[in-house]
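Dear colleague,

I am passing the structure below on to you, and I would be grateful if you could read my notes alongside it.

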Amino acid sequence: MPHPLRVAVIGAGVAGLAAARELRGEGLNVVVFEKSDHLGGMWRYDPRTDSDPVGWDPSREVVHTSLYRSLRTNLPRQLMGFLDYPLPNREGGDTRTFPGHEEVFWFLNRFADEFALRGLIRFGSEVVRVERVGDSWVVESRTRDSFTREDFQAVVLCTGHFTEPRLPTIPGIEKWPGYQIHSHNYRVPEPFRGQVVIVIGFAASAFDISRDIAKVAKEVHIATRSPDVKVMKLANHSNIWLHKMVKCVSEDSLVAFDDGSSVYADTIFYCTGYKYHYPFLETNGIITIEDNRVGPLYKHVFPPALAPWLSFIGIPEKDVIFQMTELQCKWVARVLSGKVLLPTEKEMMAYVEEYYQQMEKNGFPKHVTHHLHFKEIDYCNWLAARAGLPPIEEWREEMYLESIKSIFGMQDNYRDQWDDAHQNAMIKDASLPQNVV
């Protein structure tokens with residue numbers, strides 16, 4: 001009887017844990033490498049921050065998590081679990097529909113224990129090189145006192161993409177004297193008490209952090225490239241203003257906006273997203289990262305020339321992360337076990353090229369290659385079919401769309417208003433998980 005494939009999983013966050021369960025369930029020999037001494041990835045709060053608060057210094061000491069202390073999920077708890085293992089309400093826990101990050105971290109640990117995944121994880125093992133050599137992948141890793149070089153038949157990358165800051169170009173920034181920080185390094189609002197703060201960005205982190213800081217700051221000015229933004233002082237907030245993008249800054253602390261207004265500021269906050277970053281991966285140019293496009297990747301998972309022996313989990317943005325990640329892992333596991341066949345390399349490349357051409361035709365820039373452009377449910381249904389599962393239940397789609405409407409509508413307190421007004425209306429299907437532990 002042949003030995004099962006030996007598969008390396010890099011990372012023990014949401015994606016790594018899901019991958020470990022699915023791969024082992026297909027009878028594969030799984031080793032999970034985790035740099036830290038804990039599982040859960042970014043869902044473990046750490047008050048420490050990077051040695052460089054902006055992220056310019058490539059040699060900086062990096063803290064993996066981007067959690068701030070006040071963070072709550074921006075999707076309801078019914079969407080923050082796995083398809084067959086939902087996030088429960090626990091006695092003494094955070095039972096809000098949009099719980100705090102501590103609840104998700106507890107859930108991931110419970111998931112790992114329930115499925116006996118800890119024994120697969122090598123904690124404190126940092127992967128420093130992954131390279132294809134002959135018919136195997138060589139994975140080099142190090143701990144505090146050892147260095148290991150091992151062969152695997154397949155590698156599944158589950159390292160996340162919320163660590164390497166993506167920064168805009170701002171004229172005059174090299175001479176601007178104020179403090180600069182990326183949202184990756186935000187934890188608590190107190191350091192910004194009494195300040196005038198510029199927040200650049202208009203997505204979930206900008207929304208949350210601007211409101212959090214406004215509790216102690218003198219003024220908060222949000223700057224965005226969004227073309228339909230209305231320049232105004234926000235209703236229900238005495239000290240938050242909305243502007244067009246920052247036009248330039250100067251050495252006297254002035255920040256000028258494209259809308260013609262300007263303010264003297266103490267801090268510039270970059271809520272501008274992250275870059276995909278795989279410094280340990282060596283593919284001789286087969287896989288590149290160009291303007292935040294990791295490619296070529298078939299369905300955001302398999303590089304055609306290296307499939308199925310290398311795969312990426314969790315690449316897409318703007319998605320239902322637990323649901324999508326689990327389905328990607330099921331697909332990869334079934335492919336590696338031989339139960340599902342991939343298209344040929346030529347067919348996969350043709351798909352990728354057509355996808356790129358369609359993006360360009362629709363006017364989407366390269367850096368949003370891995371945004372699903374409101375086709376998240378279609379993508380998950382495609383994955384479900386590959387995994388031999390039925391389509392995503394209708395209630396999940398309805399709940400996700402309702403959540404997205406609240407997020408993009410920038411509705412203050414939408415999480416708590418949902419608790420009061422939407423929860424009962426949304427729970428229409430008797431199969432909706434309501435378990436309590």
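This is a predicted model: local features need pLDDT of at least 70, side-chain atom pairs count only at pLDDT 80 or more; totals for chains, interfaces and linings use all residues.

Residues are numbered from 1 along each chain as its sequence is written, and side-chain values use heavy atoms, with hydrogens and water left out.

I began with the aromatic rings, where Phe, Tyr and Trp (taken by its six-membered ring) are paired if their centres lie within 6.5 Å, and the planes are called stacked when under 30 degrees apart, edge-to-face when over 60, and tilted for the rest. Counted in this way, there are 26 aromatic pairs. One of them joins Tyr278 and Phe312 edge-to-face, at 5.2 Å centre to centre and with 85° between the planes. This pair links distant parts of the chain, since Tyr278 lies in the loop between β18 (274-275) and β19 (281-282) and Phe312 in strand β22 (residues 310-312), 34 residues apart; helices (H or I, at least four residues) and strands (E, at least two) are DSSP runs, numbered from the N terminus. Tyr278 is buried at a relative accessible area of 11%, and Phe312 is buried too, at 0%, where buried means under 20%, exposed over 50%, and partly exposed in between (1.4 Å probe, protein chains only).

Trp331 and Trp382 form another edge-to-face pair, with 5.0 Å between centres and 90° between the planes. Here helix α4 (residues 321-336), which holds Trp331, is linked to helix α6 (residues 376-386), which holds Trp382, across 51 residues. Trp331 is buried, at 1% relative accessibility, whereas Trp382 is partly exposed, at 21%. Both belong to one aromatic cluster, together with Tyr298, Phe302, Tyr351, Tyr355 and Tyr356.

Next come charges over rings, which require NZ of Lys or CZ of Arg to be within 6 Å of the ring centre and within 35 degrees of the ring normal. The charged end of Arg21 sits over the ring of Phe115, 4.6 Å from its centre, and Arg21 also lies over the face of Phe82, at 6.0 Å from the ring centre.

Finally, the structure holds zero disulfides, a disulfide being a pair of cysteine sulfur atoms within 2.5 Å. For Cys329, the closest cysteine sulfur is that of Cys158, and at 5.6 Å it is too far for a bond. Cys329 is buried, at 2% relative accessibility, while Cys248 is partly exposed, at 30%.
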